[in-house]
Amino acid sequence: MNRLKNVWLIAFFLCVVSCNASASTEGGNDAEPAKKEAPAKGEVIVLTKAEFLEKVFNYEKHPNEWVYEGSKPCIVDFYADWCGPCKQVAPILRDLAILYKKDIIVYKINVDQEKELAAAFGIQSIPTFLFIPKEGKPMMSMGALPREDFVKQIDEYLLKKK
């Protein structure tokens with residue numbers, strides 16, 4: 001009976017150690033947070049102003065010209081947690097982030113938390129989407145879009161597929 005108890009104790013200990021080891025390797029260590037630039041799984045990334053300036057467009061550094069800072073075309077979703085149409089579009093954006101994970105990046109900016117960013121882009125209604133090709137000027141679209149419209153904008157405008 002004592003031996004069985006020891007086996008269960010060792011099994012439990014090994015399970016706890018292996019779970020902790022896998023959790024610490026996924027997110028990096030606490031001193032160095034995981035990078036958010038190129039999501040491997042195709043996820044939607046919520047940006048702060050500082051991250052937006054670094055990864056998308058530094059309007060403080062380039063106030064008079066558009067200079068895209070990213071490595072892939074992207075979609076920026078200006079949203080709010082309380083917004084019904086924003087909630088309707090969220091699963092579509094998650095699906096498209098997975099579907100196009102090698103081609104584009106999908107970002108989200110909460111207009112309630114990042115008021116300066118919303119003001120800088122003149123966001124007056126949400127959701128508002130910024131479609132940003134790797135080269136060229138961005139295009140803005142206001143209001144919830146159906147999946148087909150997102151696919152069309154991604155294929156034709158961002159990826160230049162005909």
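**Close-up 1. A lysine charge sits over a tyrosine ring.** The charged end of K160 lies over the ring of Y157, 4.8 Å from its centre. Here a charge counts as over a ring if NZ of Lys or CZ of Arg is within 6 Å of the ring centre and within 35 degrees of the ring normal. K160 belongs to the segment after α5 (147–158). Helices (H or I, at least four residues) and strands (E, at least two) are DSSP runs, numbered from the N terminus. K160 is not a glycine, yet its phi is positive, about 55°. This is a predicted model: local features need pLDDT of at least 70, side-chain atom pairs count only at pLDDT 80 or more, and totals for chains, interfaces and linings use all residues. Residues are numbered from 1 along each chain as its sequence is written, and side-chain values use heavy atoms, with hydrogens and water left out.

**Close-up 2. K108 lies over the face of Y79.** The distance from the ring centre is 4.2 Å.

**Close-up 3. Y59 and F121 form an edge-to-face aromatic pair.** Rings of Phe, Tyr and Trp (its six-membered ring) pair if their centres lie within 6.5 Å; planes under 30 degrees apart are stacked, over 60 edge-to-face, and the rest tilted. Between Y59 and F121, the centres are 6.5 Å apart and the planes stand at 90°. Y59 is in the loop between α2 and β2 and F121 is in the loop between α4 and β4, so the pair ties together parts 62 residues apart in sequence. Both Y59 and F121 are buried (under 20% relative accessible area; exposed is over 50%, partly exposed in between; 1.4 Å probe, protein chains only). One aromatic cluster is formed by F52, F57, Y59, W66, F78 and F121.

**Close-up 4. F131 and F150 form a tilted aromatic pair.** Their centres are 6.1 Å apart, with 45° between the planes. F131 lies in strand β4 and F150 in helix α5, so this pair ties together parts 19 residues apart in sequence.

**Close-up 5. The largest nonpolar core has 26 residues.** A nonpolar core is a set of buried Ala, Val, Leu, Ile, Met, Phe, Trp, Tyr and Cys residues joined through side-chain atoms within 4.5 Å. Residues with the most contacts inside this core include F52, V56, F78 and I132. β2 gives the most to this core, with 4 residues. Another core, of 15 residues, lies apart from it, and I75, L93, F131 and F150 are among its members.

**Close-up 6. The peptide bond from I126 to P127 is cis.** Its omega is near 0°. P127 lies in the loop between α4 and β4.
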